[in-house]
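Please keep the sequence and the model in view while reading.

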Amino acid sequence: MITGNVVHVGMADLKVVHCPDRLRSVGLGSCVGVALWDPVTKVAGLAHVMLPSAEGFSSPQRAKFADTAVDWLVELMMERGGRRERLQAKLAGGAQMFTFAGKNDLLKIGPRNVEASRRALAKWSIPVVAEDVGGSTGRTIELYSEDGRLWIRTVRGGSIVL
Amino acid sequence: MERLNDRHLDALREVGNIGAAHAATSLSVLLQRPVRITVPTVQLLSFDHVVDAVGGAEDVVVGTYFRIGGDFPGNLFFILPAESARVVLRAMWGEGSLGDDLQSEMAVSALGEMGNILTSSYLVSLSDFTHGKVETTVPAVAVDMAQAILQVGMLTADADSCLIIHTGAHIEELDIWCHFLLVPDPEGLMPLLTALGVHGG
């Protein structure tokens, strides 16, 4: 029985842990959880991004934006024993919580967050091996450093494992 | 935003008070029961703590959301916790299990309409009180985790926190609570304070 700690990753934050700890983000709506894992050293990292790009923001919080968060997360993973070429990514979140979006672009930020996360990962040549994104449902996720599995719970659909 | 003084906070509390009082009157008419509102709180909260005002991050709520345009851009939420929403539906539709499934089309539509009426009352009073132009779009409604719903109100915030004007409403006869959260955009705050006559200390 693995008994690691559960480390909470809040909005606009990111964390890196070693086996057997787990990383958890609750209530992802339009936000995206970018999960990285190195299967050899079992280093796991999770970023909880809110917006697609830091462009146009002065002195941004790096973990808040998909582009800067992925860069930072990869750097941290490498410092903590991960190897870039071994890293694999899983994505969850990026929903459109309100369906009658009309002209309000804020309500459509979820899919843009997903796109920006994919682009940022592609820049590092990190493959997205699984994802549960989009839709109109909130998600709580947990990344297990032990085997890289990503557990996802929704209000309507119960839970799944990627 | 950290430069808000006591006069600013008082003025913003008054906004929360007047807006929610109007909305509570509408709610009271709708449910034919007295509704009491709390003293509003005005707080600068980190993103993860915004949800504390209405319950846990993963608690299921019915959320009605208004994006506010015009002189004071921002966001307004009416949040009804799942249990309260079921009680409200029973009060409106009579006893029976019709209202137990909050995801049903009828439930979402009824609760969305109610949210629409209440948030509109709130915004009309905001406009009257400030003599400002308050533009609204069609309200949106969702039934899901509280944090996932409130997230949309934080997208226009500053780096890592946002200002929340929270007013609770209590319907004692039904033993339920609901919540109004006004989240001004950072650039909407100063015009709002100016309209309230307290800008510049």
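## Confidence of the model

Within chain B, the element with the lowest mean pLDDT is strand β5 (residues 134–136), at 81, whereas helix α4 (residues 146–150) has the highest, at 96; pLDDT is the predictor's confidence in each residue, on a scale from 0 to 100. Over chain B as a whole the average pLDDT is 88, and 96% of the residues score at least 70. For the complex, the predictor reports an ipTM of 0.90 and a pTM of 0.90.

The model is a predicted one, so local features need a pLDDT of at least 70 and side-chain atom pairs count only at pLDDT 80 or more, while totals for chains, interfaces and linings use all residues. Residues are numbered from 1 along each chain as its sequence is written, and chains are lettered from A, with ligands numbered from 1, in the order in which they are written.

## The two chains

Chain A contains two helices and 10 strands, where helices (H or I, at least four residues) and strands (E, at least two) are DSSP runs numbered from the N terminus. Along the sequence, the elements of chain A come in the order β-β-β-β-β-α-β-α-β-β-β-β. The radius of gyration of chain A is 15 Å, which agrees with the value near 15 Å for a compact globule of 162 residues; this radius is taken over C-alpha atoms, and the globule rule is 2.2 Å times the number of residues to the power 0.38. The C-alpha trace of chain A spans about 45 × 40 × 25 Å along its principal axes. Of the 162 residues in chain A, 51% are buried, a residue being buried if 20 or more other C-beta atoms lie within 10 Å of its own, exposed if 12 or fewer, and partly exposed in between, with C-beta atoms placed from the backbone.

Chain B has five helices and eight strands, which follow one another as α-β-β-β-β-α-α-β-β-α-β-β-α. With 201 residues, chain B would have a radius of gyration near 17 Å as a compact globule, and its 16 Å agrees with this. The C-alpha atoms of chain B fill a box of roughly 55 × 30 × 30 Å along the principal axes, and 47% of its residues are buried. Among the contacts in chain B between residues at least 6 apart in sequence, 75% join residues at least 24 apart; two residues are in contact if their C-beta atoms, placed from the backbone, lie within 7 Å.

## Where the chains meet

The contact between the chains takes 25 residues from chain A and 24 residues from chain B. On the side of chain A that touches chain B, strand β3 (residues 22–28) of chain A gives the most, with three residues. That side of chain A divides into 14 nonpolar residues, 10 polar and one charged; here Ala, Val, Leu, Ile, Met, Phe, Trp, Tyr, Cys and Pro count as nonpolar, Asp, Glu, Lys and Arg as charged, and the others, Gly among them, as polar.

Helix α1 of chain B (residues 6–31) has 26 residues and reaches 36 Å from its first C-alpha to its last, close to the 38 Å expected at 1.5 Å a residue, the expected span being 1.5 Å times one less than the number of residues. The buried residues of α1(B) include H8(B), L12(B), G16(B), A20(B) and L27(B), and what covers the buried residues of this helix includes β2 (41–46), α3 (105–130) and β7 (161–171) of chain B. After α1(B) comes Q32(B), whose phi is positive, near 55°.

P40(B) lies in the loop between β1 and β2 of chain B, and P40(B) counts as buried because it has 23 C-beta neighbours inside 10 Å. Leaving aside residues up to four places away in sequence, P40(B) touches R13(B), G16(B), N17(B), A20(B), I165(B), H166(B) and T167(B).

## An enclosed strand

Strand β4 of chain B (residues 74–81) is largely enclosed by the rest of the structure, because eight of its eight residues are buried. Both faces of β4(B) are covered, with G74(B), L76(B), F78(B) and L80(B) buried on one side and N75(B), F77(B), I79(B) and P81(B) buried on the other.

Strand β3 of chain B (residues 60–70) runs antiparallel to β4(B) and is joined to it by eight bridges, and a hairpin of three residues connects the two strands. Strands β4(B) and β8(B) also pair in the antiparallel sense, over six bridges; strands pair if DSSP finds at least two bridges between them. F77(B) stands opposite Y65(B) and also opposite L181(B) in β8(B).
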